[in-house]
Amino acid sequence: MAAEAPAGLDERGRPPPAGGAVLVAGCALALRRRRDVGATARSDGPVLVEATAAAETARLELEAARLRAEAAELRRATDRRRRSSRARALLGRGEPALSLEELPARLRDACGFEPSPAEAARLSAAAGRPGAALGHEELASDAFDVELARIVAERRRRQAAWRWREALEWQEARARERRARAEARQPRAAQPRAASDDRGAGTRLLSGPEGRVLLEVPLAPGLAYVLPLIDSIQFGAALAQTLPAFAPLIGLLAIPSVVVTAVPYGVGTVVLFAVWLLASCAPDCPRLLRFSLLQAVYLDMAFYLPTAAATAINGGLPTEIAAFLYLCLLAVCVYCVFVNSRGEYPDGLPVISCFAQSNLDQMAEGQ
């Protein structure tokens, strides 16, 4: 039997601790245990968190896959019920099969869509019975449903394209109407008149409606060269004196010259020049006539101005020189009349023809 400890000592023979020491020792033991637990948690915490997250992710993925499978199965069941219901509606009561001829009308009553005969043939071919009657199994098949949806989509696209073209044509028609109204409100601009290129022997000076000829002058372009001949008739008198053979021609040219010179102060010559110039600017006259009129004016100026200056300086020209100069002028005019009679432009005169041609082109651009 163990001996009992003396009074005031514990079982180890040590005196019992005081009350404060017991409290301090208990607190130290609790802190030591907490540190040990915290160290263990710090060493194992990240691995535990990752494992927990991975397990949760796997569980959620399995749950999502299960829900997707259930939804797909629900859709398939719904499609089967829909196709079966449509097949029963197409077959009607007590009919085992539906002929290809009755299919469009039945689809119109059941679905509100009436396919064409070619589209009905496509449906029967997709169901695996081309040209034959379709039973419940074919009408409720997935192939029939897919082909029907494709035909409906094609029909809608064609209708949308047709409506778009119709709207575009309507807009274009409205735009044309607006342009027509705008043009009707605006004053109509005068259309440029095409220059006449009549080169016939009888030149049409005036034309009426529908091309009706009002005035036709034979050899009108050639007659334009009368101007320089009658304006220099005094030199023609010298030619008649020197060469009497030209006296009849000079006498004939003297008649209009007398009429022109009868007007006092040289007004007759100015009026004659003005008539020639205005006629060369008229757009109604043929271009060949206008060219001849303008060249006749320039030819008259090229002959009259130098001879008049020489006459004023020398007090007059000898008869032989005056006759020679008028003979040269007469030869030039005969050349122009001959070329005009062939319907061609007498543009062989140096400087004068080029000047007349360029001025005629400028007047044509300004009209």
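Visitor: In which loop does Pro130 lie?

Guide: Pro130 lies in the loop between helix H3 (117–126) and strand E2 (134–135). Helices (H or I, at least four residues) and strands (E, at least two) are DSSP runs, numbered from the N terminus. This is a predicted model, in which local features need pLDDT of at least 70 and side-chain atom pairs count only at pLDDT 80 or more, while totals for chains, interfaces and linings use all residues. Residues are numbered from 1 along each chain as its sequence is written, and side-chain values use heavy atoms, with hydrogens and water left out.

Pro130 is exposed, with a relative accessible area of 61% (buried means under 20% relative accessible area, exposed over 50%, partly exposed in between, with a 1.4 Å probe and protein chains only). Not counting residues up to four places away in sequence, Pro130 touches Ser124 and Ala125, where contact means heavy atoms within 4.5 Å. Pro130 and Leu100 are 30 residues apart in sequence, with 9.1 Å between their C-alpha atoms.

Another loop residue is Val351, in the loop between H12 and H13. Val351 is exposed as well, at a relative accessible area of 66%. Its phi is near 65°, a positive value in a residue other than glycine.

Next, some residues within helices. Arg86 has its place in helix H1 (residues 19–91). With a relative accessible area of 11%, Arg86 is buried. Leaving out residues up to four places away in sequence, Arg86 touches Cys111, Leu139, Phe144, Asp145 and Leu148. Leu360, in helix H13 (residues 352–366), is buried with a relative accessible area of 0%. Apart from its neighbours within four places in sequence, Leu360 is in contact with Ser280, Arg287, Arg290, Phe291 and Leu294. From Leu360 to Gln295 the C-alpha distance is 9.8 Å, across 65 residues of sequence. Gly251, in helix H9 (residues 247–261), is partly exposed, with a relative accessible area of 40%. Gly251 and Ile233 are 18 residues apart in sequence and 9.5 Å apart in space, C-alpha to C-alpha.

Two packed helices are described by the angle between their axes and the distance between the axes. Here axes are lines fitted to C-alpha atoms, for helices over the stretch in contact, and angles run from 0 to 180 degrees between N-to-C directions.

Helix H11 (residues 287–314) and helix H12 (residues 319–341) have axes that come within 12 Å and cross at roughly 175°. H11 and H12 are therefore roughly antiparallel to each other (angles under 35 degrees count as roughly parallel, over 145 as roughly antiparallel, 65 to 115 as roughly perpendicular and the rest as oblique). On the H11 side the contact is made by Leu288, Ser292, Gln295, Leu299, Phe303 and Thr307, and on the H12 side by Leu325, Tyr326, Leu329, Val332, Cys333, Cys336 and Asn340. These residues divide into nine nonpolar, four polar and no charged (Ala, Val, Leu, Ile, Met, Phe, Trp, Tyr, Cys and Pro count as nonpolar, Asp, Glu, Lys and Arg as charged, and the others, Gly among them, as polar).

H12 also meets helix H8 (residues 233–242): their axes come within 7 Å and cross at roughly 110°. H8 and H12 are therefore roughly perpendicular to each other. H8 contributes Ile233, Phe235, Gly236, Ala238, Leu239, Gln241 and Thr242, and H12 contributes Thr319, Ala322, Ala323, Tyr326 and Leu327. By class, this contact of H8 with H12 has eight nonpolar, four polar and no charged residues. Tyr326 of H12 takes part in the contact with H11 and in the contact with H8.

As for the chain overall, its secondary structure comes to 13 helices and four strands. Buried residues make up 27% of the 367 residues. Among contacts between residues at least 6 apart in sequence, 63% join residues at least 24 apart.

The average pLDDT (the predictor's confidence in each residue, from 0 to 100) is 78, and 77% of the residues score at least 70. Over residues 1–9 the pLDDT stays under 50, and the model has six contacts for them beyond four places in sequence. Residues 204–218 also have a pLDDT below 50, with 24 contacts in the model beyond near neighbours in sequence.
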